[in-house]
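Here's a quick tour for anyone opening this one up for the first time. Have a look around, then read on.

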Amino acid sequence: MKIVDKNGQQVQTLTAAERTLAEGFAEGSLGGVQVLQANQWLLRVRAQGHWLACDCQPGAVPIMNVALNGSTGTLFLKINPGTPEHASDCVFIKGSREPGAAAPGDTDEPPAAWLAPDAVLKLISEFRDPSSGVGSGGSPAARREQQRLLSLLLTVIEAAGLNVYATHLKTSLTEQFAALRAVATRYPLVDRVPASNYLETRIDMKHMMMLKSRLKDSSVFGNQRRYGLLLDCVERVAGRKVFNERSRDGFDFQGHHLLWGGTHASGPLLALAIYSTTTRGSQFYEMIHVATVPVLSRAQLFPVFRDEEREALKTLVALIDWMASKGVKVTLRRPVIGGKVMDQLILSSDLDRVLSVSLTQQPLGPEPSSETFKRLADFKSIETFGKYVTGFFMRGRS
Ligand SMILES: [Zn+2]
C-alpha cells in the first residue's frame, strides 16, 4: 500500500502502523483512540491531495481517494472510477463505494470522475450514419460522453495543482496554463495522440484557425473523427455562445454546456471545449460541447463552487497571504474530484493543523460533526470567521 500523488507517482509506502490503521478503518474493526487516529491520518492524506494505491493485485493498481460521505459526514475510502478493482479478498473492497450511492450506470449524470492518465479519452463519438436518424444527443450514453469533458477539465485542474492556493506556491497565469498544458501531454485524444498536440489555450478566431489547419492536415487520427480542445478563461457562457474579452459577439458552440455542480455561476470561468466538425468530410470546424468551472480571478484559476463563495474566498486568500507574511504557511486546497460535497475547503499548515471550512450559506448535506469543520454562515461576520481561522493557525506559534 502506497500514498501516491494525482499523477500516480509514489509519495511514500505506508508504515506498518499506518497500514494497520488503514486496514482496521476499512474493516471497521478499530475502537476508541484508534478511530480518531485513523480519521486524522486520512484527513491528512486528503489535505495533501494524495491518494492510496492498493497492492492487492499483481500488475494492477486500484487507487482510492479519501472521500467524505455527504449523508453522514464521515470519511470513507472510495475506489477511483476508471482504476482496476481490488482483489476479491482485499480488505479495501468493503465499502469502496459511497454508502447509499447509486451503482455506476444507474444515474444519467454521474458526478465528475477522475480520468486516469495515459488512457484514451475519446471525448467525442464517431459520426452517426445519417440513415439512423438524429436526436440521440440526450441519450444516457451521449450524456456520459459529454460528462467526460467536465471530468477531464476537473482532472487537469487537480493534476496541475490549480485547486491549491498557498502564498509560497503562487504562480503566474502563464505558469498555470503551462501546468495545464503539461498535464494534457498525459491524456491521449485517440490512441497515441496527446491532447497537448491539439490544444489551444486561447478561444479566438486566430487560434481556432490554427487548430483547424492542424486538424485538417493531420494524419494521426486515421479513420477516426478528428477533434481538438480549446481551453481559456472566459467571462460567461450564455445560450450557445462563449463570451470573452476577445469578441463582443461571442463564439458559437453546437452542443451542451456542462456545469460543475450543475448550477450557473458568474465568471471568470475556465472553459474547455471540444473542437470538431459535425458531419463526416466537412471542412467546417466549430466548438461542440463546452465544460466550465468558475475560477477565483483571471490571475488565479482556483476553482469556485458557488458564486456566494467568491467574496469570502478572496478574504481567505488575503488572510493566507497575511499569515505567510507572519511566517505561518497555510495551504488552501479544494478537492474537486471524488466526493459529492464540493463546498468543502481544506486549510492546513505544516500538516499538523487541519481545518475544513465551507463558505456556502446552506449545507449541501448533513455537516461533519468534527471539531475541525467550520461553516462561515455560523459566524457573526466574515471578520469573526477570519479571526477564528488566523487564531486556529497562529495560536502558540510566535
Ligand atoms: Zn485492494
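What you're looking at is a predicted model, where local features need pLDDT of at least 70, side-chain atom pairs count only at pLDDT 80 or more, and totals for chains, interfaces and linings use all residues. Residues are numbered from 1 along each chain as its sequence is written. Helices (H or I, at least four residues) and strands (E, at least two) are DSSP runs, numbered from the N terminus.

**Strand 4 and its partners**

- Strand 3 (residues 51-53) and strand 4 (residues 63-68) run antiparallel and are joined by 2 bridges.
- Leu 52 has Met 64 as its bridge partner in strand 4, while Ala 53 stands opposite Ile 63.
- Towards strand 5, strand 4 has 5 bridges, again with the two running antiparallel.
- Is strand 4 mostly covered or mostly open? It's mostly covered, with 6 of its 6 residues buried (20 or more other C-beta atoms within 10 Å of a residue's own; exposed means 12 or fewer, partly exposed is in between, and C-beta atoms are placed from the backbone).
- Ile 63, Asn 65 and Ala 67 point one way from the strand, Met 64, Val 66 and Leu 68 point the other way, and all are buried.

**Gln 12, out on strand 2**

- Gln 12 belongs to strand 2 and counts as exposed because it has 10 C-beta neighbours inside 10 Å.
- Leaving out residues up to four places away in sequence, Gln 12 touches Lys 2 and Ile 3; contact means that the C-beta atoms, placed from the backbone, lie within 7 Å.
- Lys 2 is 10 residues from Gln 12 in sequence, and their C-alpha atoms are 5.8 Å apart in space.

**Helix 6**

- Leu 313, Leu 316, Leu 319, Ile 320 and Met 323 are the buried residues here in helix 6.
- Down the axis of helix 6, its buried residues fall within an arc of 115°, so they line one face; the arc is that of the directions from the helix axis to the C-beta atoms.
- Those buried residues of helix 6 pack against strand 6 (164-165), strand 17 (331-333) and helix 7 (382-394).
- On the face turned away from the buried side, helix 6 carries the exposed residues Glu 311, Ala 318 and Ser 325.
- After helix 6 comes Gly 327, with a positive phi near 90°.

**Helix 2**

- Buried residues in helix 2 (residues 33-47) are Ala 38, Val 45, Arg 46 and Ala 47.
- Gly 49 follows helix 2, and its phi is positive, near 70°.

- The protein chain averages a pLDDT of 85, and 88% of the residues score at least 70; pLDDT is the predictor's confidence in each residue, from 0 to 100.
- Over residues 97-109 pLDDT stays under 50, and the model has 13 contacts beyond four places in sequence for them.
- Residues 132-136 also stay under 50, with 1 contact beyond four places in sequence.

Conventions:
Pairing = 2+ DSSP bridges. Contact = placed C-beta atoms within 7 Å. Expected span 1.5 Å × (residues − 1).
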